[in-house]
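This report walks through the confidence, the cross-links, the aromatic pairs and a few selected residues of one protein model. Please keep the sequence and the structure in view while reading.

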Amino acid sequence: MRKPLGAALFALVIAGAGAAPAVAAPDPQSVGVVDTDTATSVVRDAVTSTTAAVSRITAPTVQAVNFAGTVSLSNCSGSVVRFPDSEDNDPAMVMSNGHCLETGFPAAGEVIVDRASSRTFGLLNAAGSRVATLRASKIAYATMTDTDVSLYQLTTTYAQIKSSYNISPLTMNDTHPVAGTAITVVSGYWKRTYACNVDGFAYRLKEGAWTWKDSVRYTSACQTIGGTSGSPVVDNATGNVVAVNNTGNEDGGRCTDNNPCEVDESGNVTVRAGINYAQETYQIPACFGIDNKLDLSASGCTLPKP
């Protein structure tokens, strides 16, 4: 997992400016500024788009990834999400990491369902400005087993949020992400984005007491940091959420806290220092039905059960 924000800031003070990006919080002057990889990508996309228009070549429309619908938590990032079958009058949902819960990390094997919560979230607009405070009614689902996710049910509906702030939720894909896909990690906490590609998938990702299945591995350009935990991972071509950002190997450690390792089907261990990861979300929609109600016994639902 990404270090709790306080620990990350402390590490920066101790280590100084030479600390690795995966460990240290960013320079304060960079907060709210899209990194150079992202800027380069935007320019490249603009040139490509213009060339395609002139040449009259039909190509998939690339969505402009921004902060609309993302949220800031007290210690992490998150997003207002809907499932493919969600309706406007359903209670809205906020997704973050299981390790971002206000009650602390769930133990290995622990699954939390329908626990009362009044946690608040700062809703951001496209420019990254906070426009509202949203409030949870409960933690609908959270775990750090097999995946690292928390889903809060809010006291407001999607329609109410749209009417009041003209902000729509991010739609969660219900299909497996694809290697090579251009993605953006959008941090509501830092109001910063990270652009890269899906490099591949880790059969098992082990970090300390926790093990996650079929995790997304980023290419090296996504140097996410403390506070980006829970950020939605957005497919640039569709604007849909394909994963939730959660961890990275900070200093080359082997399978320890803040230093996850990959374990293949034969048990072989690979350590990728400085590489960051996310947990897939395509399996989540099958577990939520009418009115966004959790149903872990639903057909196709594979999330761990209590």
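Is the disulfide of Cys196 and Cys222 left-handed or right-handed, going by the torsion about the S-S bond? The torsion is about -95 degrees, so this disulfide is left-handed. The model in which it occurs is a predicted one, and its confidence is therefore taken up before the details.

## Confidence of the model

The mean pLDDT of the protein is 86, and 80% of the residues reach 70 or more. Residues 6-60 form a stretch in which the pLDDT is below 50, although the model gives this stretch 48 contacts beyond near neighbours in sequence.

## Disulfides

In the structure as a whole, four disulfides are found. When the bonded cysteines of the protein are numbered in sequence order, their pairing reads 1-2, 3-4, 5-6, 7-8. Such a disulfide is a covalent bond between the sulfur atoms of two cysteines.

One of the four links Cys196 with Cys222, whose sulfur atoms are 2.1 Å apart. Because Cys196 belongs to strand E10 while Cys222 sits in the loop between E11 and strand E12 (232-235), this pair ties together parts of the chain that are 26 residues apart in sequence. Both Cys196 and Cys222 are buried.

Cys255 is joined to Cys261 by a disulfide with an S to S distance of 1.9 Å, and the torsion about its S-S bond is about 100 degrees, so the bond is right-handed. Cys255 counts as buried at 16% relative accessibility, and Cys261 counts as buried at 0%. A further disulfide is formed by Cys287 and Cys301, with their sulfur atoms 2.0 Å apart; the torsion about the S-S bond of this pair is about 100 degrees, which makes it right-handed. Cys287 and Cys301 both lie in the segment after E16, 14 residues apart, and both count as buried, Cys287 at 0% relative accessibility and Cys301 at 10%.

## Aromatic pairs and a charge over a ring

A search of the whole structure finds four aromatic pairs. Among them is the edge-to-face pair of Phe105 and Trp210, for which the distance is 5.7 Å centre to centre and the angle between the planes is 75 degrees. Phe105 is placed in the loop between strand E3 (91-96) and strand E4 (111-116), whereas Trp210 is in strand E11 (residues 210-218), so that the pair ties together parts 105 residues apart in sequence. With a relative accessible area of 36%, Phe105 is partly exposed, while Trp210, with a relative accessible area of 10%, is buried.

The rings of Phe121 and Tyr152 also form an edge-to-face pair, because their planes are at 70 degrees, with the centres 5.1 Å apart. This pair links distant parts of the chain, with Phe121 in strand E5 (residues 120-124) and Tyr152 in strand E7, 31 residues apart. Phe121 and Tyr152 are both buried. Elsewhere, Arg204 lies over the face of Tyr203, at 4.1 Å from the ring centre.

Val198 is located in strand E10 (residues 192-207), where, at 4% relative accessibility, Val198 counts as buried. Beyond neighbours within four places in sequence, Val198 is in contact with Val178, Ala179, Gly180, Thr181, Ile183, Val216 and Arg217. The C-alpha atoms of Val198 and Ser220 are separated by 9.9 Å, the two residues being 22 residues apart along the chain.

Thr147 is found in the loop between strand E6 (130-143) and strand E7 (149-157), and at 4% relative accessibility Thr147 counts as buried. Apart from neighbours within four places in sequence, the contacts of Thr147 are with Trp212, Gln279, Glu280 and Leu303.

Pro304 lies in the segment after strand E16 (276-280) and, at 13% relative accessibility, counts as buried because the cut-off is under 20% relative accessible area. Again leaving aside neighbours within four places in sequence, Pro304 is in contact with Val111, Tyr141, Thr145, Asp146 and Leu296. Pro304 and Ile112 are 192 residues apart along the chain, and their C-alpha atoms are separated by 9.9 Å.

Note on methods. Residues are numbered from 1 along each chain as its sequence is written. This is a predicted model: local features need pLDDT of at least 70, side-chain atom pairs count only at pLDDT 80 or more; totals for chains, interfaces and linings use all residues. Side-chain values use heavy atoms; hydrogens and water are left out. Helices (H or I, at least four residues) and strands (E, at least two) are DSSP runs, numbered from the N terminus. Buried means under 20% relative accessible area, exposed over 50%, partly exposed in between (1.4 Å probe, protein chains only). Contact means heavy atoms within 4.5 Å. pLDDT is the predictor's confidence in each residue, from 0 to 100. Rings of Phe, Tyr and Trp (its six-membered ring) pair if their centres lie within 6.5 Å; planes under 30 degrees apart count as stacked, over 60 as edge-to-face and the rest as tilted. A charge sits over a ring if NZ of Lys or CZ of Arg is within 6 Å of the ring centre and within 35 degrees of the ring normal. A disulfide is a pair of cysteine sulfur atoms within 2.5 Å.
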